[in-house]
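Take a look at it, then read on.

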Amino acid sequence: MAVTRRNILTDATARGQYALGVNLLKREFTGPTTASLGIPGTSRRISTYDLFVVWHHTAMSTMTPPQQGDRNAAHRGPVFFPWHRFMLLQLELNLQRVLNDDTFGLPYWDWAADGAGTPSQQRRSALWNAGAMGGTGSPVRTGPFRFNSNDPDGFRVRIEVDANGRLVQSNRGLRRNLGRSIPTLPTKVDTAGAIDMTPYDAPDWNTASPGFRNRAEGWSPPEAPALHNRVHVWVGGDMLPSSSPNDPVFYLNHCNEDRMWEAWMTRHGRTYVPLQTAPASLRGHRLNDQMLSLISAAMRPADVLDVRSLYVYDSLDV
Amino acid sequence: MSRPKKVRSTTQTVAAYVRSNAKHVRRTQMQHHAGTESVRTATHRGHEIVVKTRYDITIDGRPVTGHLGVSNDGHVHYHPIPNLSFASALDMVKAIIDVFPDRFTSKARGKKRDKHPSHH
């Protein structure tokens, strides 16, 4: 039976279960170590939650195809939406497992609703309360992912990216800098403008493309960074580097992006381009290309165009 | 179009898939892009255009070796800072310093030099 993904600000159960599940995955170790993944330093176990950090960074560092330097295995091209849907599905399955609750659905953050407020109101959204995701700071000192120097088993950033783009070990608290790099979140005008756009994607299949994917990812005018990118930049701190899944807010942002994609397909049809007949220069982004995987069997974009048997959203009013 | 079936994860399946896919992670850990060359191509009135741009960037004398790219509109991007692009490479390097504060404190600079004296 399909689970329902709900608004984190209006569903206290989903909010609490999400925070609980993330902390359980942070403390689960299935066997992989830093040494087994080529991460330097004394070899340490990697938690299931941190494997998602590794996976995201690896996809981002894998050029698709390798002969060009723009599109990677998860971003800056058509596969952006399918790959993140694949990632969210895997997180949801693992959260269901550790919560022992097959009905759990990932919550989303309707950031464009918060975007209607003034910059100050946006920074004071209920999302950043101690009872939700906690607040801003370096480290974050409130909420379920707060830093406690006396608790070595508490929420810590254990894997991060260095300035040269390599995974390294760390042991510090989560960082956020709400509204510092950019003062405002996207608005409903922005999301509506993206949903109106067709086709899904178009040549040159990159950050200059017309179409829904590039607008929603946040590269195209009128103002970049926009939408998805803008939310990363607005939250700041650990949401800025390619290890951004370190902040559990990462998934709330992408769940809302996924909701946008579902809304777009509901209006315009469950279509995807480029098709498999597209040239090899688009390898990694075509309909039946395998998407880069780490913790499960690989999936293809074609596998995730209709997921209504797995989950639905409580609302597609984005 | 296929409809995916729910495939539950277990601690055993997670461990097994990570073992089989670890090569992807190790490969990206080996990447080193000192002196990135970007190649842009286009066709105009039947003529093939190739523009190669080489960036040699250092901060405090140490090379920046993450993957850098140049879009066709001339904006530069740095994959370790994935949600931003920059009109100027100088602005991009300033952002690198801002996003990775641990790397660019004076304490970190001294520590890195001591730890990796022959690396660069």
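## Two helices of chain A

In this predicted model, helix H2 (residues 48-60) of chain A packs against helix H3 (residues 80-99) of chain A. Their axes lie 11 Å apart, at an angle of about 170 degrees. Axes are lines fitted to C-alpha atoms over the stretch in contact, and angles run from 0 to 180 degrees between N-to-C directions. H2(A) and H3(A) are therefore roughly antiparallel (an angle over 145 degrees).

H2(A) contributes A:Thr48, A:Phe52, A:Trp55, A:His56 and A:Ala59 to the contact. H3(A) contributes A:Trp83, A:Met87, A:Leu91 and A:Asn94. Residues are in contact if their C-beta atoms, placed from the backbone, lie within 7 Å. Six of these residues are nonpolar, three are polar and none is charged. Nonpolar means Ala, Val, Leu, Ile, Met, Phe, Trp, Tyr, Cys and Pro; charged means Asp, Glu, Lys and Arg; the others, Gly among them, are polar.

## Chain B

Chain B has three helices and seven strands. Helices (H or I, at least four residues) and strands (E, at least two) are DSSP runs, numbered from the N terminus. Their order along the sequence is α-β-β-β-β-β-β-β-α-α.

## Where the chains meet

The contact takes 40 residues from chain B and 53 from chain A. On the chain B side, H1 (11-29), S7 (81-86) and H2 (89-99) each supply at least two residues. H1(B) gives the largest share, twelve residues. This side has 16 nonpolar, 18 polar and six charged residues.

## Reading the model

Residues are numbered from 1 along each chain as its sequence is written, and chains are lettered from A and ligands numbered from 1 in the order in which they are written. Local features need pLDDT of at least 70, side-chain atom pairs count only at pLDDT 80 or more, and totals for chains, interfaces and linings use all residues.

Methods
Parallel < 35°, antiparallel > 145°, perpendicular 65-115°, else oblique. Contact = placed C-beta atoms within 7 Å.
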